[in-house]
Amino acid sequence: MNNNPQEPKLLEHDADGIRELDNLLPRWWVWLFYGCIAFAAAYLVYYHILKAGPLQAAEYDSEWKTGEALKSAALAKFEATIGTLTPSQDKAVLAQGQQVFLTYCAPCHRPDGGGLVGPNLCDDYWIHGSNFVDNIKIIINGVPDKGMLTWRGILKPSEVHAVASHIYTLRGTKPPNPKPREDQAPKPTGPSPFE
Amino acid sequence: MNTDLETFKYDNRIVRAFAIATVIWGLVGFSAGLLIACQLFWPELNLNLQFTTFGRLRPLHTNAVIFAFVGNGMFMGIIVSAAVTLPLGLTTSKEYAELEWPIDIAIALVWVVFAVNLFGTILKRREKHLYVAIWFYIATAITVAMLHIVNSLEIPATAFKSYSVYAGVQDALVQWWYAHNAVAFFLTTSYLGLMYYFLPKAAERPVFSYRLSIIHFWALIFIYIWAGPHHLLYTALPDWAQSLGMAFSIMLIAPSWGGMLNGLLTLRGAWNKVREEPMLKFMVVAITAYGMATLEGPMLSIKSVNALSHYTDWTIAHVHTAALGWNGFLTFSVLYWLFPRLYNTKLYSMRLANWHFWLGLLGMMFYVIPMYWSGITQGLMWKQFTNEGFMQYPNFLETVLQLIPMYKLRAIGGTFYLLGACLMTYNLYRTAKAGVFVPEVEVQAPALKSQPEHPEEKHPWGHRWIESKPMVLTGFALVAVAIGGLVEFIPMWIIKENVPTIAAVKPYTPLEVLGRDIYIREGCVGCHSQMIRPFRSETERYGEYSKAGEFVYDHPFLWGSKRTGPDLHRIGGKYPDAWHFNHMDDPRLVSPGSIMPRYPWLLSQKLETNSLPARIGTLRKVGVPYPDGFEATAQLNLEAQQKRIVDNLKQGAITNAPADREIIALVAYLQRLGTDIKVKPAAPAAPGAPATPSPSPAVPIAPKTAQLDASNQTRN
């Protein structure tokens, strides 16, 4: 045993030459432990016994409401202006539109717009109306019966305009092996301004 | 004291065998990790072989590192420090890329051998009182056995395929109770045992506080077991279980730090040795890494932190702080201590060991810092909304491409770490060459029964009593580790409200079952979650959040824990069949820049259907309500669905796809995912309200392939 009063007691027990001191628990460590236990107990009581705080479903509800209100306002504003929109010829807008097209539209319409599961976007025989505003409406509302998704609320208003502008440039291009025309009543639409 | 001396021998051969196994498995595990790390920025690195994809190698990496490297390290250390005197043939052939049922039984047997050995040693010991290191080994032995057996309950369908008896939410709870406590009792308690032996040995200092050992041991093993649900925060797991997981994780901080303190404070008065002795340097970094990781773990268990961190590289950074720092460095430390003693010589080169230390430390920095950066970046990008309430980065791939530079830096870190381990291997090899192996060490100690009771052994806390009764200590430890699991499992099993059923959710069709098994075989779950959390940032991206009732036929559950790719729970109906076909053949064809590997073999390999009846029968046994005799018509059902998919593919300009290939089954499964409950297209169902179920089709469900789901708000 050591005789230094500064040193804590050295215990007699010896395990393969290893000895142990009998220091007291560090006070800050003990308080840390108590603090964590108190926090844990308070947390469980607050949420599950007093039921004072929202659980995850309620939390989601309020988050959803706030976000949805913002989005609906923006969409309503955009939709009020749809009738006046014209295809953009701005290079940056068209580049953005192409990016959106490749990401979201190409899986069904092919990267070149020649049609795959979705119809060919390059010919003049459009199923749901072929002017620019019709196209924007289809993008926004979709055609659920035919498998066209609604992009309302997914694409930002500026992206809808950009991708519609890009699609407008596809018309009149001649991709290889296009999907055959599917419309019921062809309506000639005249040449694309990009031809 | 010197009366009745017994002479006996420590068998160094076993220790050497485990030490060598540790080194070899370390190199294998590190190399596998480096390879898959590189695949994340260089997907072609699997050389287009199905055996080397990320999904298949990731389990190899984790299993090699956890069970082979750390496992052998643990055995090595336990044998030294518990002084085994009953040499048994402890051979472990640890080649489990897939831990299927025959291997599960083998593991259980190996563990039994280990436990017999450990307890046999303890009973035949010559120490009256069990030292703290032994307490930790006892906790390790009994808890790992309990975890492994409970989690591996499965019913075999074929020689190498089984289905878990648990489904969905329950399977998730059991699995994370297992996985979390594998960390606790395989990677932590066993290594604390090693620390308690090797640190005071090397520092030649007494352990700081016996009292701290007692408190932190019992608190640690009791509290750890409850914390598993913190891996399932904001999932379909009931709120009360999530809250328990979080609360107990917070309480775990102090007990974990008790171990760190007892380690670091033992070095008081010996810090000069740390400067000179590489073995102690490794030890100090290991203990520090342990302290950091065990503070970070509870922080990540706070729900609002987890909301950001979960599914990102933050978790990867966290586990590697612990794995590279705590387990890796502690193992290196023990090896450097052991080899010179096994070969009765000096370490070949201190200089090389110092190089290893700095390379390893640098490697860790280059690993974890980029991963924190990457995890926080991606987590924030996923959650970012514009002022107008739209997702700022709706395209998942865009958030992945941001991380590529971080993945490259991480690979550099891994390379450093591996190089360090190679230096060590060389150093140890030269050490062995220079010395002469000492196969047995003859020692003398007084027989247990002749040891007198020391008056000094009385301690005010009375813990000495249990230290001399190993079986009582084992019993108490078993009670301590059993309580948490029981409190969490039993309500989950007996109270139905915990998993509200949804009438529209039906069992998978035969083709979908086989497709799901391919999904499992390819390890898709390693990169793709199937659990949409209740956040607007997730429901906007993926669709309605996942409900507990949707997973009742999922044996096993496939919620995943990391989103290297997007969540797939509502992928069904989002893309046409042809898109999936092309995407599996070459992801970059349809998603330029994607880091997913190619799966061309799915397009050429024939679907194995011979085992279909056995699989259906086994699934029925674990609780999936297939009608009696369904096995007889399963094949016809399967062929009809194959034909529908082939027809759909023709629509997508794929005219030559044979119906009997694996890809068809996988497409069937993917198109089914998350479609059983439907959300109204224009106005998403009021949140919180039960999802609108689709008209419930008869079992088995007709596939809805290639019918684009208009309700789905998901992309990429």
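Predicted model: local features only at pLDDT ≥ 70, side-chain atom pairs only at ≥ 80, totals over all residues.
**Stop 1: chain A**

Select chain A and colour by secondary structure. Chain A has five helices and zero strands. Read from the N terminus, the order is α-α-α-α-α. Of its 195 residues, 35% count as buried. Take the contacts in chain A between residues at least 6 apart in sequence: 61% of them join residues at least 24 apart.

Now colour chain A by pLDDT. The mean is 85, and 89% of the residues reach 70 or more. Which element of chain A has the lowest mean pLDDT, and which the highest? Helix α4 (residues 132-141) of chain A has the lowest, at 89. The highest belongs to α1(A), at 97.

Next, colour by domain. Domain 1 of chain A covers 1-53, and domain 2 covers 85-170. Their C-alpha centres lie 65 Å apart.

**Stop 2: where chain A meets chain B**

Show both chains. How many residues does each chain give to the contact? Chain A gives 52 residues and chain B gives 60. On the side of chain A, select α1 (27-49), α2 (56-81) and α3 (91-109); these are the elements that give two or more residues. Colour that side of chain A by residue class. You will find 34 nonpolar, nine polar and nine charged residues.

**Stop 3: the two domains of chain B**

Select 5-449 + 475-488 of chain B for domain 1, then 510-672 for domain 2. The C-alpha centres of these two domains of chain B are 34 Å apart. Their contact takes 40 residues from domain 1 of chain B and 47 residues from domain 2 of chain B.

Stay on the domain 1 side of that contact. The elements that each supply at least two residues are α2 (54-81), β2 (154-158), β3 (161-164), α5 (168-203), α13 (350-383) and α14 (396-401) of chain B. Which of them has the largest share? It is α2(B), with five residues. By class, the side of domain 1 of chain B that touches domain 2 holds 23 nonpolar, 12 polar and five charged residues.

**Stop 4: a helix pair in chain B**

Select α5(B) and helix α8 (residues 253-266) of chain B. Their axes come within 10 Å and cross at roughly 10 degrees. That angle makes α5(B) roughly parallel to α8(B). Now show side chains. From α5(B), pick Leu192(B), Met195(B), Leu199(B), Pro200(B) and Ala203(B). From α8(B), pick Gly259(B), Gly263(B) and Thr266(B). These residues make the contact. They divide into five nonpolar, three polar and no charged. Keep the helical repeat in mind as you look: an α-helix has 3.6 residues a turn, so residues three or four places apart point the same way.

**Stop 5: helix α25(B)**

Finish at helix α25 of chain B, residues 662-672. Is this helix enclosed or open? It is largely enclosed by the rest of the structure, because 11 of its 11 residues are buried. Step along the helix: Glu662(B), Ile663(B), Ile664(B), Ala665(B), Leu666(B), Val667(B), Ala668(B), Tyr669(B), Leu670(B), Gln671(B) and Arg672(B) are the buried residues.

What covers them? Last, click on Gly674(B), which follows α25(B). The phi of Gly674(B) is positive, near 70 degrees.

Methods: Residues numbered from 1 in each chain as written. Chains lettered and ligands numbered in written order. Contact = placed C-beta atoms within 7 Å. Helix = DSSP H or I, 4+ residues; strand = E, 2+ residues; numbered from the N terminus. Nonpolar A, V, L, I, M, F, W, Y, C, P; charged D, E, K, R; others polar. pLDDT = per-residue confidence, 0-100. Domains from an automatic or database assignment. Buried ≥ 20, exposed ≤ 12 C-beta atoms within 10 Å, placed from the backbone. Axes fitted to C-alpha atoms, helices over the stretch in contact; angles between N-to-C directions. Parallel < 35°, antiparallel > 145°, perpendicular 65-115°, else oblique.
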